[in-house]
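Please open the model in a viewer and keep the selection tool at hand.

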Amino acid sequence: MRKGFIKAKRCVAVLSCAAVLMSAAGCSGSDDKDGKAERTTAAVTEATTLEEVTNVITGGPTEDITEATTKATTETTSETTTEENTMVVAFTVPNAFVEEYRSFTVASENLHDGFWDDVISNTSKGENKSPQLSWEPVEGASVYLIYMTDISASNWMHWKTNEVTETNLTLGWAPETDYVGPYPPPGAAHTYEIYVIALKAPVEEMKGTFDNRNQKFEDSFKANDIDADGNSGNIIAVGHISGLFIDN
């Protein structure tokens, strides 16, 4: 649909340029000129580039395109470029507190060029499957926790899994009770962040409200630093991966 829209706008640009050139060439007045104008217009309609339009009207290639034609082409090109690159990215508030912890690398086969694949989404084009994740074992960690939040929507929690012992999770690994895929408003690009927390020992309860806003996500996150026996310093390191998803 986007390509068709851009092609249509280019056609408008071409016809606009044609109109300027025909006017400059004096395509009006007598019946003979009217007939010539009709034939020229028909040829222009079939032309697909500015060069072809110029050739139709002037009878051959020319390097001296009028100032009006250049201006019309420039304005339309700028307009087309704007349409082609337009994407509404929702306002986000990064969870800067994560930087307080030692980090490790988390990778996903479902993140490409900064965007999550459709398959992980809970939309008409998705399959509501948790993304594939992998990381190297963290020394000293006995379990891992996984959070996925939409930081464009008050840390809306899409993934909450406790006591993970694997370090290579296949696509769709998480059960529906732990995972619901992205479902942002149509046309809006939201940022979805995944946190893998390496713990020394299990926690009594993993904090945070699943499939809801978590305006106190930092408190829920840091609560995991206390293990089930009440010992502090439980968080060893945090793996973090982030990407956009847009439903269009």
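**The whole chain**

Among contacts between residues at least 6 apart in sequence, 74% join residues of the protein chain that are at least 24 apart. Please bear in mind that this is a predicted model. Display the chain as a cartoon: it has 5 helices and 11 strands. Of its 248 residues, 40% count as buried. Switch to a surface view next; the chain exposes about 13800 Å², and carbon and sulfur atoms supply 50% of that area.

**Colour by confidence**

Colour the chain by pLDDT. The mean value is 78, and 65% of the residues reach 70 or more. Select residues 1-58, where the pLDDT is below 50; beyond near neighbours in sequence, this stretch has 57 contacts in the model. Then select residues 61-85, over which pLDDT also stays under 50. For residues 61-85 the model has 26 contacts beyond four places in sequence. Where pLDDT is low, the predicted coordinates should not be read in detail.

**The largest nonpolar core**

In soluble globular proteins, nonpolar side chains tend to be buried together. Which residues of the largest nonpolar core touch the most other members? Select Phe104, Leu133, Trp135, Ile146, Trp159, Ile194 and Val196 and show their side chains: these are the residues in question, out of 24 in this core. Now highlight the elements that give two or more residues to the core, namely β6 (133-135), β7 (143-150), β8 (156-164), β10 (188-199) and β11 (235-246).

Centre the view on Trp135. Leaving aside residues up to four places away in sequence, Trp135 touches Phe104, Thr105, Val106, Tyr144, Ile146, Glu166, Thr167, Leu169 and Val196. Among these neighbours, Phe104, Ile146 and Val196 were also in the previous selection.

**Aromatic rings**

The structure holds 10 aromatic pairs. A pair of aromatic rings is described by the distance of the centres and the angle of the planes. How are the rings of Tyr147 and Phe217 arranged, stacked or edge-to-face? Their centres are 5.2 Å apart and their planes lie at 85°, so the pair is edge-to-face, an angle over 60 degrees being required for that description. Tyr147 belongs to strand β7 and Phe217 to helix α5; the two are 70 residues apart, and the pair thus links distant parts of the chain. Tyr147 is buried, with a relative accessible area of 0%, and Phe217 is buried as well, at 1%.

Tyr195 lies in strand β10 and Phe217 in helix α5, so the pair ties together parts that are 22 residues apart in sequence. Tyr195 is buried, as is Phe217. To complete this view, select Phe97, Tyr101, Tyr147, Tyr195, Phe217 and Phe221 together, for ring pairs link them into a cluster.

**Salt bridges**

Select Glu100 and Lys222: they form a salt bridge whose closest N and O atoms are 3.4 Å apart. Glu100 is in the loop between β1 (88-89) and β2 (103-104), and Lys222 is in helix α5 (residues 217-222), so the pair ties together parts that are 122 residues apart in sequence. Glu100 is exposed, with a relative accessible area of 55%, whereas Lys222 is partly exposed at 29%.

Glu218 and Lys222 are 4 residues apart in helix α5, so about one helical turn separates them. Glu218 counts as partly exposed, at 33% relative accessibility. Through shared partners, salt bridges join Glu100, Glu218 and Lys222 into one network.

Finally, select Lys207 and Glu205, which form a salt bridge with the closest N and O atoms 3.5 Å apart. Lys207 is partly exposed, its relative accessible area being 35%.

Technical notes: Residues numbered from 1 in each chain as written. Predicted model: local features only at pLDDT ≥ 70, side-chain atom pairs only at ≥ 80, totals over all residues. Heavy atoms only, no water. Buried < 20%, exposed > 50% of the residue type's maximum accessible area, 1.4 Å probe, protein only. Contact = heavy atoms within 4.5 Å. Areas by Shrake-Rupley, 256 points an atom, 1.4 Å probe, with all protein chains shown as cover. pLDDT = per-residue confidence, 0-100. Core = buried A, V, L, I, M, F, W, Y, C linked by side-chain atoms within 4.5 Å. Salt bridge = Lys/Arg side-chain N within 4 Å of Asp/Glu carboxyl O. Phe/Tyr/Trp six-rings, centres within 6.5 Å; stacked < 30°, edge-to-face > 60°.
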